[in-house]
Amino acid sequence: MKINITKRDIIWSYIGTILSMGSNFLMLPMIIFYMNDSMVGLWYVFASIGTIATLFDFGFSVTFARNITYCWSGANKLKKEDVEFIENKEPDYLLMKQVIDTFRLIYFIISLIALVLLLTVGTIYINNISKTINGNQHMIAWFIYAFATFINLYYGYFASFLRGVGTIKEVNKNTIIARILQIILTFFLLFYGMGIIGISIAYLAYGIVFRALGKYEFYNYQKIGENLSKVIYNFNFQKSKELFYIVWHNAWRDGIISISNYLSIQASTLICAMYLSLADTGNYSIGVQISMAIAVVAGILYSTYQPALQETYISANRGQMQIIMSRIVTGFVILFLVCFLGVVMIGVPILKYIKPDINLSLSMLFWLSMYQFILKFRDCYTSYFSCTNRIIYVTAFVLSSLLCILLSIIFIGKLNFGIQGLIAAQIISQIVYNVWYWPYKAHKELAISFFDLLKIGFSDLSYNIRRILS
């Protein structure tokens, strides 16, 4: 079935992503106002460890969404590499049901493993770095956070399914509702003195609501639930095993990439906590969160157009792929610049007004944002290869992430360069290869230059702005 990304999908993507990332901005003043520096730093350590847990997804969410798109677009079988080209066929609901059942089983296993590790290894780490904190409030909060992470990881497949069939608007509506609930609960629980426990409870509530809404929207979208219920099918372990091996061929590559991205971004917070104080870690983490928020908002078109890019490739329409890539790249560059200037001129002054003693350096924020720009710009192009079911960049990502960790430890642990050393290590690890090679290769395959791509993108953007204004 054809996937069309409409203006409503794009608008809801902006609203959903901005609110999702904006929720961090809205909760940040509450967190730094109601909690001391050590607790703020500890909360961001929670978040970094939680990100490690999501790595147990091991690329399945990306691969699942991609394969659901293939099923929805009419493919009657899945392939380890590349795709079977089709022309406007109806979905194969038998294959889709087999895929869904297989994905559910995989998600349950990896989520359970993640929970066990959080409650064992994670607990030991949290207990070790928080020895100076009195009481057991932070440990209670950690156990709640661990269970919330399990819920979010296990039921994450509904978001993948929704994106796979192109229901971008519904995914973002669910995000908005769940995030609003999280923000409200965070405020009230902090106000009534529940501290870090309150933030963890609010995060748990977000996951439960997002899961429930996702399930409802998926099965009611274009009668998917009704059509799936008509399929006469008994769960077949052998068939699920075959599907697993097909999906695993690229899923492990997506998983390695997820780990590499974690090492390139979130691991710096854990390294910072090892060598610097929790207060310094908190200030650094705030800068990381702000720069990541800028990159995520700027990359909205990148994530919104993924299903359409996949469907266009499976239909062998190179011209339309050029247009979609022009929207992705041009939109990202423009939005990143606008968002960064907005944060510097509006966001940072507000934070410093709320907490005058916050140590948020504009220089640090600039270089962290520059690093996030490099990462997301790279991802705009590697998304092209992933949409063609070719994860050819895995080795380069692994080597760059290992280089990032090595340089980080040397710069902050051996040479005492501090936070500046962490940022320098991150930037150097990407500019040596990833940031220039993958754009070069993608432009070569698409048979279009970077400047022609920008030209198409600016022209398309101008046209759409005129339509909106008129």
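How are H4 and H5 oriented to each other, roughly parallel or roughly antiparallel? In this predicted model, helix H4 spans residues 93–129 and helix H5 spans residues 137–154. Their axes come within 9 Å and cross at roughly 160°. Angles over 145 degrees count as roughly antiparallel, and H4 and H5 are therefore roughly antiparallel to each other. The crossing in which H4 passes H5 is right-handed. Sorted by class, the residues in the contact of H4 with H5 comprise 17 nonpolar, five polar and one charged.

Nonpolar cores were examined next. In soluble globular proteins, nonpolar side chains tend to be buried together. The largest nonpolar core of the model contains 98 residues. Within this core, the residues with the most contacts are Met35, Trp43, Phe46 and Met325. The greatest contribution to the core comes from helix H15, residues 318–354, which supplies 13 residues. Another core, of 25 residues, lies apart from the largest one; Tyr93, Val171, Ile224 and Val231 are among its members.

Cys380 has a relative accessibility of 0% and so counts as buried. Cys404, with a relative accessible area of 1%, is buried. Both assignments rest on the cut-off for buried residues, which is under 20% relative accessible area.

Key
Residues numbered from 1 in each chain as written. Predicted model: local features only at pLDDT ≥ 70, side-chain atom pairs only at ≥ 80, totals over all residues. Heavy atoms only, no water. Core = buried A, V, L, I, M, F, W, Y, C linked by side-chain atoms within 4.5 Å. Buried < 20%, exposed > 50% of the residue type's maximum accessible area, 1.4 Å probe, protein only. Helix = DSSP H or I, 4+ residues; strand = E, 2+ residues; numbered from the N terminus. Axes fitted to C-alpha atoms, helices over the stretch in contact; angles between N-to-C directions. Parallel < 35°, antiparallel > 145°, perpendicular 65-115°, else oblique. Left-handed = near helix turned anticlockwise from the far one by under 90°. Nonpolar A, V, L, I, M, F, W, Y, C, P; charged D, E, K, R; others polar.
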